[in-house]
Amino acid sequence: MKTDAQAILRRHAFFASLDGAALEQVAGRLQKRSFKSGDMIFQRGDAGDAMFVVESGAIRLARDSVHGREFTVRLAGPGEVFGEIAIIDGAGRTTDAAAVAPSVLLSLARRDFQAAFRSSPAMQDAVLSALCERLRATTDQLEMIALQPLEARVAQLFLLLANVGEEDARSRAAFELAIDQRELAALVGATRPRVNRVLVTWDQNGVISRSGRRYECDVEKLRDIMAGGDDP
C-alpha cells in the first residue's frame, strides 16, 4: 500500500513539497477504510480527528439549510482530499460526509498531519495555497449549480459515480445508485420531477440504461452533454 499511498499524496498540494523521507513517513501513517454506498463517514459537529483521501468512489459533503433541507457543498472523487479543515483548526466538522458509491478512503490522523505540518515550512505554504484553491473551487461549483444546465450537472455526477476520469478510455461504464431520486436531485440542485424527466429522456436516447439501481452509461454521450447539453 505504501507506494500507492505516496503516489496519491504526491499529487495533492498539501504534500507535494515534502521530501521523500517525510512523504514516506506520512504515507506509512495512512489507514485504508472501505465504505458502502450510503455509509456515513462523519457528521457535522463531530471532532475533526482525521482527514481523508479518496482512493476510489465518491463522497458527498452536505449540510442542512435553515429551512431543514439538505444541500450539497461538494462531491469528492478519486484523488481528492476532504476533512482537512477540521484537522487544521481543531474545530468540529463543518459538513456531513457520506459515501454515494462504494468507496475506499485513506485516513490520516490529526496528530500525524500536525507533526508533518509543523516540521515543514514548505508544507505550511502549500497548505495555505491549497486552501485558497479549495475556496475558489467551491465558488466555481456553486456557480455550476446556479448556471450550468441540469443535464450537464447530472452527466457530471454520473461520470463521477462511475469513476470515469478525464483520460478514461472506456466507452461504457456502470454503477449502483444507492440513493433515491429525491437525494439525487439534491446533489445537482434540482427537483425530483426535473431529474426524472432527464433520466427518462436519456433512457429513451441510449445515454443510459437502467435495471433497478444499476445504471449503465454511454461515456461519450455523457461527456458531450457536459460540454454543451441543453437543459430540458
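Two residues are in contact when heavy atoms of one and the other lie within 4.5 Å. With that in hand, let us tour the model, view by view.

**Figure 1. The whole chain, seen through its contacts and its surface.** Among contacts between residues at least 6 apart in sequence, 68% join residues at least 24 apart. The chain has 9 helices and 11 strands; helices (H or I, at least four residues) and strands (E, at least two) are DSSP runs, numbered from the N terminus. Of the 232 residues, 44% are buried. Here, buried means under 20% relative accessible area, exposed means over 50%, and partly exposed is in between (1.4 Å probe, protein chains only). The accessible surface comes to about 11,900 Å², and carbon and sulfur atoms hold 49% of it. Such areas come from the Shrake-Rupley method with a 1.4 Å probe, and for residues only the protein chains shown count as cover. This is a predicted model, in which local features need pLDDT of at least 70 and side-chain atom pairs count only at pLDDT 80 or more, while totals for chains, interfaces and linings use all residues. Residues are numbered from 1 along each chain as its sequence is written, and side-chain values use heavy atoms, with hydrogens and water left out.

**Figure 2. Helix α6 packs against helix α8.** Two packed helices are described by the angle between their axes and the distance between the axes. Helix α6 spans residues 150-161 and helix α8 spans residues 192-205; they pack at an angle of about 75°, with axes 10 Å apart. That makes α6 roughly perpendicular to α8. The axes are lines fitted to C-alpha atoms, for helices over the stretch in contact, and angles run from 0 to 180 degrees between N-to-C directions. Angles under 35 degrees count as roughly parallel, over 145 as roughly antiparallel, 65 to 115 as roughly perpendicular, and the rest as oblique. On the α6 side, look for Leu 150, Glu 151, Val 154, Ala 155 and Phe 158; on the α8 side, for Arg 194, Val 195, Val 198, Leu 199 and Trp 202. These contact residues divide into 8 nonpolar, no polar and 2 charged. In this grouping, Ala, Val, Leu, Ile, Met, Phe, Trp, Tyr, Cys and Pro are nonpolar, Asp, Glu, Lys and Arg are charged, and the others, Gly among them, are polar.

Figure 3. A pair of aromatic rings is described by the distance of the centres and the angle of the planes. Rings of Phe, Tyr and Trp (its six-membered ring) pair if their centres lie within 6.5 Å; planes under 30 degrees apart are stacked, over 60 edge-to-face, and the rest tilted. By this rule there are 9 aromatic pairs. For Phe 15 and Phe 113, the centres are 6.4 Å apart and the planes stand at 90°. Phe 15 sits in the loop between α1 (2-10) and α2 (20-28), and Phe 113 in helix α4 (residues 110-119), so this pair ties together parts 98 residues apart in sequence. Both Phe 15 and Phe 113 are buried.

Figure 4. Phe 158 is in helix α6 and Phe 175 in strand β9, so the pair ties together parts that are 17 residues apart in sequence. Phe 158 is buried, with a relative accessible area of 0%, and Phe 175 is buried too, at 6%. Ring pairs link Phe 158, Phe 175, Trp 202 and Tyr 215 into a cluster.

**Figure 5. Ala 174 and Asp 218 sit in two strands.** Ala 174 is in strand β9 (residues 172-176), and Asp 218 is in strand β11 (residues 214-218). Their C-alpha atoms are 9.0 Å apart, although 44 residues separate Ala 174 and Asp 218 in sequence. Is Ala 174 buried or partly exposed? At 29% relative accessibility, Ala 174 counts as partly exposed, whereas Asp 218 is buried at 16%. Not counting residues up to four places away in sequence, Ala 174 touches Ala 162, Arg 214, Tyr 215 and Glu 216. Under that rule, Asp 218 touches Ser 171, Arg 172, Gly 206 and Val 207.

**Figure 6. Phe 42 lies in strand β2 (residues 40-42).** Phe 42 is buried, with a relative accessible area of 6%. Beyond four places in sequence, the residues Phe 42 touches include Phe 52, Leu 61, Phe 82 and Arg 93.
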